[in-house]
Amino acid sequence: MEKSAETLSRNAAATQAVLDVMARLRDPQRGCPWDIEQTFATIAPYTIEEAYEVADAIDRNDLKALKEELGDLLFQVAFHARMAEEQGAFDFADVAQALADKMIERHPHVFGEKVERTAEEQTAAWETLKAEKRAASGASLLHDVPMALPALMRAEKLTKRAARINFDWPTPEPVLEKLEEELAELKEARASGDQEHIAEEMGDILFVMANLARKLKVDPEEALRRANAKFTRRFQYIETKLAEAGRTGPQPLDDMEALWLEAKRAEKR
């Protein structure tokens, strides 16, 4: 779809405004001391945080917040690109052009010969293309699963990658058996009193749970976010009821469990 000259001009001006602000913030003489001190490593946690705030705005269906959070995330891209430009590595335009080139390469059915594909077939085609590039470079099948991903999400992606060469159980049932095996090992670790062993076995259980979620076609990160939200709702119900009764501080567990069940019944109604 062709863009009007006015739209192109507006996009270019808005993008340049972001880059100009970023350049001024990093200016050694006139910039902000905090921004000048930052590095890729110190900014990376903020980049991750902004991505989660985008996801949070989407979960809340808050489009006003989404616009703001997307801007914050874009600023993170500009920040990293500016630091790279200062080192003579690349600039924002290089980032944008590389992205456009990659998307064109990954969508030959759109930008090249027209081929009818379902979304599932397109995903498979993407993965095949990426796998071919990894093979050509001699890289491990797992090498580009980002270390910075939340551990649960990364575990799911690692098992998904391994499944491409058939290192996978065919059904969820063997994974459930493996989970029982790991739970038994955790009990043994607890009995030993070895905290490092306990942590190792706990990690194994979480890894198996991520794999089980994949086999059940459940996004483990999303499932846990929902569980967190549910816990928050019910716990806040307990807090509200206790406050209404003038009760503060630690309370008998039986009383709080009764309120928890009350909150659960209320949700079902």
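**A walk through the chain**

Trp 260 is partly exposed, with a relative accessible area of 25%. On the scale used here, buried means under 20% relative accessible area, exposed means over 50%, and partly exposed is in between, with a 1.4 Å probe and protein chains only.

Before going on, a word on the source. This is a predicted model, in which local features need pLDDT of at least 70 and side-chain atom pairs count only at pLDDT 80 or more, while totals for chains, interfaces and linings use all residues. Residues are numbered from 1 along each chain as its sequence is written, and side-chain values use heavy atoms, with hydrogens and water left out.

Now the aromatic rings. A search of the whole structure finds four aromatic pairs. Rings of Phe, Tyr and Trp (the six-membered ring for Trp) pair if their centres lie within 6.5 Å; planes under 30 degrees apart count as stacked, over 60 as edge-to-face and the rest as tilted. Trp 34 and Tyr 46 form an edge-to-face pair, at 5.7 Å centre to centre and 85 degrees between the planes. Trp 34 belongs to helix 2 (residues 33-37) and Tyr 46 to helix 3 (residues 40-59), so this pair ties together parts that are twelve residues apart in sequence. Helices here are DSSP runs of H or I with at least four residues, strands are runs of E with at least two, and both are numbered from the N terminus. Trp 34 is partly exposed at 41%, and Tyr 46 is partly exposed at 36%.

Back to Trp 260. Its ring centre is 5.5 Å from that of Phe 231, and the planes are at 50 degrees, so the pair is tilted. Phe 231 lies in helix 11 (residues 220-244) and Trp 260 in helix 12 (residues 253-268), so parts 29 residues apart in sequence are tied together. Phe 231 has 47% relative accessibility and counts as partly exposed. Ring pairs link Phe 231, Phe 235 and Trp 260 into a cluster.

Is Asn 211 buried or exposed? Asn 211 is buried, with a relative accessible area of 8%, and its place is in helix 10 (residues 195-215). Its side chain makes a polar contact with the side chain of Thr 159, at 3.4 Å. A polar contact is a pair of N or O atoms within 3.5 Å; within protein, one must be able to donate a hydrogen and the other to accept it, and residues adjacent in sequence count only if both atoms are side-chain atoms. Not counting residues up to four places away in sequence, Asn 211 touches Thr 159, Asp 168, Trp 169 and Val 175, where contact means heavy atoms within 4.5 Å.

Next, helix 5. Asp 91 caps its N-terminal end, with a side-chain oxygen 3.2 Å from the backbone nitrogen of Ala 93.

Finally, the chain as a whole. How many helices and strands does the chain have? There are twelve helices and zero strands. The radius of gyration is 25 Å, well over the 18 Å that the globule rule gives for 269 residues, so the chain is more spread out than a compact globule. That radius is taken over C-alpha atoms, and the rule is 2.2 Å times the number of residues to the power 0.38. Of the 269 residues, 21% count as buried. The C-alpha atoms fill a box of roughly 65 × 55 × 45 Å, taken along the principal axes.
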